[in-house]
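Have the 3D view open, and turn it as you read.

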Amino acid sequence: ISRLLINENIKFSIVIDNTKKLLEMLDNSLLDFALVEGYFDKNKYGYKLMKNEEFVGISSKSHPLAGKVVKIEDIKNETVIIREPGSGTREIFERILTSYNYSMDCFDRVCDINSFELIKKCIAESNAITFGYKTIAESDDRLESFYFSDKKIYHEFNFVYLKDSLAEEVVRDFLSIDN
């Protein structure tokens, strides 16, 4: 995005919100496109894949789970800090839990926070855990990833736009800025 600032002819606004709200804004023509990590109907929207990211557990480096391979059963007694309902990160984690026949109710304590920066700070300074992308853990030297035992989990980040709109060209141009 900082590369867009170089071109004085481009004006833009950026909205940071959860997947549900971004898709609602897109449906109401309040956005040209959205970068979403969450689930969306690929039949309803046009989209371009930006990248796939590994989805992991995240803890402080001093946490007993740091760097370990775990089963869902191993983390049920942990305090979990997770994004708010409607966020892609939460929905991804809830679907992972469902695939193991669990829900958020299996945890002793769940705290919702709608800011990754605040979640990172809380995780680094407490014994709580969270779930998100490996790049989040790598962005702070106080954090460490832990992993699910049976498989690596990846999730897409997509630019999403209304089908049959000019936004597809804008997204293509936006993606070409890095090249």
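Two residues are in contact when heavy atoms of theirs lie within 4.5 Å. Keep in mind as you look that this is a predicted model.

With that idea of contact, find phenylalanine 93. Leaving aside residues up to four places away in sequence, Phe93 touches Phe55, Ile82, Met104, Phe107, Phe131 and Phe148.

Next, look for a bit of empty space. Rolling a probe the size of a water molecule over the atoms shows where empty space is left. Which residues line the largest cavity? They are Ile58, Phe116, Ile119, Lys120, Ile123, Thr130, Phe131, Gly132, Ile136 and Leu143. Helix α4 and strand β6 each give at least two residues to the lining, and the largest share, 4 residues, comes from α4.

Lysine 120, one of the lining residues, leads us to charged side chains. Side chains of opposite charge can pair when their charged atoms come close. The model has 14 salt bridges. In one of them, Lys120 pairs with glutamate 117, with N and O 3.5 Å apart. Both residues lie in helix α4, 3 residues apart, which is about one turn of the helix. Are the two partners buried or exposed? Lysine 120 counts as buried because its relative accessibility, 11%, is under 20%. Glutamate 117 counts as exposed because its value, 56%, is over 50%.

Helix α3 has a pair of its own. Arginine 90 and glutamate 94 form a salt bridge, with their closest N and O atoms 3.1 Å apart. These two residues are 4 apart in α3, again about one turn of the helix. Arginine 90 is buried, at 9% relative accessible area, while glutamate 94 is partly exposed, at 30%.

Lysine 61 and glutamate 144 meet through their side chains at 3.6 Å, N to O. This pair links distant parts of the chain: Lys61 sits in the loop between β2 and β3 (69-70), Glu144 sits in strand β7, and the two are 83 residues apart. Lysine 61 is partly exposed, with a relative accessible area of 46%, and glutamate 144 is partly exposed too, at 26%. Elsewhere, Lys121, Glu125, Asp140 and Arg142 are joined in a network of salt bridges.

Serine 62 and arginine 142 are 80 residues apart in sequence, but their C-alpha atoms are 8.5 Å apart in space. Serine 62 lies in the loop between β2 and β3 and is exposed, with a relative accessible area of 68%.

For a last stop, visit asparagine 18, in the loop between α1 (2-6) and α2 (19-27). Asparagine 18 is buried, with a relative accessible area of 4%. What does its side chain reach? A polar atom of the Asn18 side chain lies 3.2 Å from the backbone nitrogen of lysine 20, and the side chain also reaches the backbone nitrogen of lysine 21, at 3.0 Å. Not counting residues up to four places away in sequence, asparagine 18 touches Arg83, Glu84, Pro85, Gly86 and Ser87.

Note on methods: Residues are numbered from 1 along each chain as its sequence is written. This is a predicted model: local features need pLDDT of at least 70, side-chain atom pairs count only at pLDDT 80 or more; totals for chains, interfaces and linings use all residues. Side-chain values use heavy atoms; hydrogens and water are left out. A salt bridge is a side-chain nitrogen of Lys or Arg within 4 Å of a carboxyl oxygen of Asp or Glu. Buried means under 20% relative accessible area, exposed over 50%, partly exposed in between (1.4 Å probe, protein chains only). A polar contact is a pair of N or O atoms within 3.5 Å; within protein, one must be able to donate a hydrogen and the other to accept it, and residues adjacent in sequence count only if both atoms are side-chain atoms. On a 1 Å grid over the protein atoms alone, a cavity is a set of points where a 1.4 Å probe fits but cannot get out, and a pocket is an open set with protein on both sides within 12 Å along at least five of seven lines; lining residues have an atom within 4 Å of a point.
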